[in-house]
Amino acid sequence: MKKKSFAVIFPARSALILIASSATMLLASCSSLPTAEESLAAIKGSFNERGIAKLDRLDQTEIQRICTEASMAGKDVDKK
């Protein structure tokens with residue numbers, strides 16, 4: 001009796017393994033994330049002003065910037 005391969009016995013699982021490994025390789029090939037400036041430029045580039053919703057809504061205040069940076073670094077904000 002001829003031994004059947006794993007792919008013949010479990011075709012759905014084999015496809016899932018292939019998709020997962022392909023996705024992993026794709027993510028690994030993305031060596032760097034966009035910088036904060038690149039992300040902000042992309043957001044501002046796609047924002048359309050309407051009524052009272054103006055582009056300045058996307059600008060962070062100093063307090064918002066400090067909180068965002070602390071959050072990204074996983075640190076608490078000094079209460080000064």
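**Pocket, helix and salt bridges**

Modeller: H4 gives the most to the lining of the largest pocket, with four residues. Keep in mind that this is a predicted model.

Colleague: Which helices each supply at least two residues of that lining?

Modeller: Helix H3 (36-46) and H4 do.

Colleague: How much space lies in the largest pocket?

Modeller: About 270 Å³.

Colleague: And how do the lining residues divide into nonpolar, polar and charged?

Modeller: Four are nonpolar, two are polar and four are charged. Among the lining residues are Leu40, Asp59, Gln60, Arg65, Thr68 and Glu69.

Colleague: Let's pick Thr68. Where is its place?

Modeller: Thr68 sits in helix H4, which covers residues 62-73.

Colleague: What does the side chain of Thr68 make a polar contact with?

Modeller: With the side chain of Gln60, at 2.9 Å. Gln60 also lines the largest pocket.

Colleague: Now the helix itself. What span should H4 have, and what does the model give?

Modeller: H4 has twelve residues, so at 1.5 Å a residue it should span 16 Å. Its end C-alpha atoms are 17 Å apart, which agrees.

Colleague: What comes just after H4?

Modeller: Gly74, which takes a positive phi of about 75°.

Colleague: New topic. How many salt bridges are there?

Modeller: The count comes to three. One of them joins Asp59 and Lys44, with the closest N and O atoms 2.5 Å apart. That pair links distant parts of the chain, 15 residues apart. Asp59 is in the loop between H3 and H4, while Lys44 is in helix H3.

Colleague: Which residues are linked in a network of salt bridges?

Modeller: Glu62, Arg65 and Glu69. Glu62 meets Arg65 at 2.3 Å, N to O. Glu69 meets Arg65 at 2.8 Å.

Colleague: Why are Glu62 and Arg65 separated by about one helical turn?

Modeller: Because they are three residues apart in helix H4. Glu69 and Arg65 are four residues apart, so they are also separated by about one helical turn. An α-helix has 3.6 residues a turn, so residues three or four places apart point the same way.

Colleague: And how accessible is Arg65?

Modeller: Its relative accessibility is 31%, so Arg65 counts as partly exposed. Glu62 is partly exposed too, at 48%. Glu69 is partly exposed at 44%.

How values were computed
Residues numbered from 1 in each chain as written. Predicted model: local features only at pLDDT ≥ 70, side-chain atom pairs only at ≥ 80, totals over all residues. Heavy atoms only, no water. Polar contact = N/O pair within 3.5 Å; in protein donor to acceptor, adjacent residues only side chain to side chain. 1 Å grid on protein atoms, 1.4 Å probe; cavity = no way out; pocket = protein on both sides within 12 Å on 5 of 7 lines; lining within 4 Å. Points joined across faces, edges and corners; volume = space filled by probe spheres on them. Nonpolar A, V, L, I, M, F, W, Y, C, P; charged D, E, K, R; others polar. Expected span 1.5 Å × (residues − 1). Salt bridge = Lys/Arg side-chain N within 4 Å of Asp/Glu carboxyl O. Buried < 20%, exposed > 50% of the residue type's maximum accessible area, 1.4 Å probe, protein only.
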